Amino acid sequence: MSAHRLYTSDVLAAAVSLAARPLTGNLPWRGEARSASCGSRIEVGLSLDDDGRVAAVGVASRACAIGQASAAIFADHVVGLTAGEIASSRARMAKWLAGEGPMPEWPGLSIVAAARDYPARHGAMMLAWDAAAAALDREPRAVA
């Protein structure tokens, strides 16, 4: 598979759309993840409602187009989920990338599905899920 098929107009559009989800000071749960294979980094900020569900999300990205597109897909559909649901989807994502399960049912994931054939991109695809897990695994910070 060529890189031409990997970096489709849909991938690039999703990557650019991440700008609509800025990391702002009112997101107290913060986590960062880095891909060992490509060096991409993403920081995710979350706020939770009274029921422990994600109420808002923001992302700061220093990642490749696949990492940015995956983060945008994550951000577009994480609101309303609990920490447990995020952890479960993260585990399914990791299994799928490892060839041990079907593609997770996450809206829009098909946009970056071709990157599964590029193991060097797997870390970038997991960044938002990993950063969100790190965020929810610590105490929230004071909000601005």
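Is Pro107 buried, partly exposed or exposed? Pro107 is partly exposed, with a relative accessible area of 44% (buried is under 20%, exposed over 50%, partly exposed in between; 1.4 Å probe, protein chains only).

This is a predicted model, in which local features need pLDDT of at least 70 and side-chain atom pairs count only at pLDDT 80 or more, while totals for chains, interfaces and linings use all residues. Residues are numbered from 1 along each chain as its sequence is written, and side-chain values use heavy atoms, with hydrogens and water left out. Helices (H or I, at least four residues) and strands (E, at least two) are DSSP runs, numbered from the N terminus.

**The sheet**

- Three strands make an open sheet in the order E1-E2-E3, with antiparallel pairing (two strands pair if DSSP finds at least two bridges between them).
- E1 and E3 (54-62) are the edge strands; each has a single partner strand, so one side of each lacks a neighbour in the sheet.
- From one strand to the next, the twist averages 20° (axes are lines fitted to C-alpha atoms, for helices over the stretch in contact, and angles run from 0 to 180 degrees between N-to-C directions).
- Strands of a sheet pair through backbone hydrogen bonds, either parallel or antiparallel.

**Strand pairs and hairpins**

- E1 (residues 29-34) and E2 (residues 41-48) are antiparallel and joined by six bridges.
- Glu32 has Glu43 in E2 as its bridge partner.
- Six residues lie between the strands in the hairpin of E1 and E2, where Gly39 takes a positive phi near 85°.
- Eight bridges link E2 and E3, again in the antiparallel sense.
- Gly45 stands opposite Gly58 in E3, and Leu46 has Val57 in E3 as its bridge partner.
- The hairpin of E2 and E3 has five residues between the strands, and Gly52 there takes a positive phi near 80°.

**Ser47 in E2**

- Ser47 lies in strand E2.
- Ser47 is buried, at a relative accessible area of 15%.
- Beyond residues up to four places away in sequence, Ser47 touches Asn26, Leu27, Pro28, Trp29, Arg53, Val54, Ala55 and Ala56 (contact means heavy atoms within 4.5 Å).

- Helix H2 (residues 9-17) has Val11, Ala14 and Ala15 as its buried residues.
- These residues cover an arc of only 100° around the axis, which puts them on the same side of H2 (the arc is that of the directions from the helix axis to the C-beta atoms).
- Exposed Ser9 and Val16 sit on the face of H2 turned away from the buried side.
- An α-helix has 3.6 residues a turn, so residues three or four places apart point the same way.
- Helix H3 (residues 65-77) lies across E2 and E3 and runs at about 175° to E3.

**Ser89 in H4**

- Helix H4 (residues 83-97) holds Ser89.
- Ser89 counts as buried because its relative accessibility is 2%.
- The side chain of Ser89 reaches the backbone oxygen of Ile86 at 2.9 Å.
- Apart from residues up to four places away in sequence, Ser89 touches Trp106 and Trp129.

**Pro107 between H4 and H5**

- Pro107 lies in the loop between H4 and helix H5 (119-136).
- Ile73 and His77 are in contact with Pro107, leaving aside its neighbours within four places in sequence.
- Pro107 and Ala134 are 27 residues apart in sequence and 22 Å apart in space, C-alpha to C-alpha.

Conventions:
A polar contact is a pair of N or O atoms within 3.5 Å; within protein, one must be able to donate a hydrogen and the other to accept it, and residues adjacent in sequence count only if both atoms are side-chain atoms.
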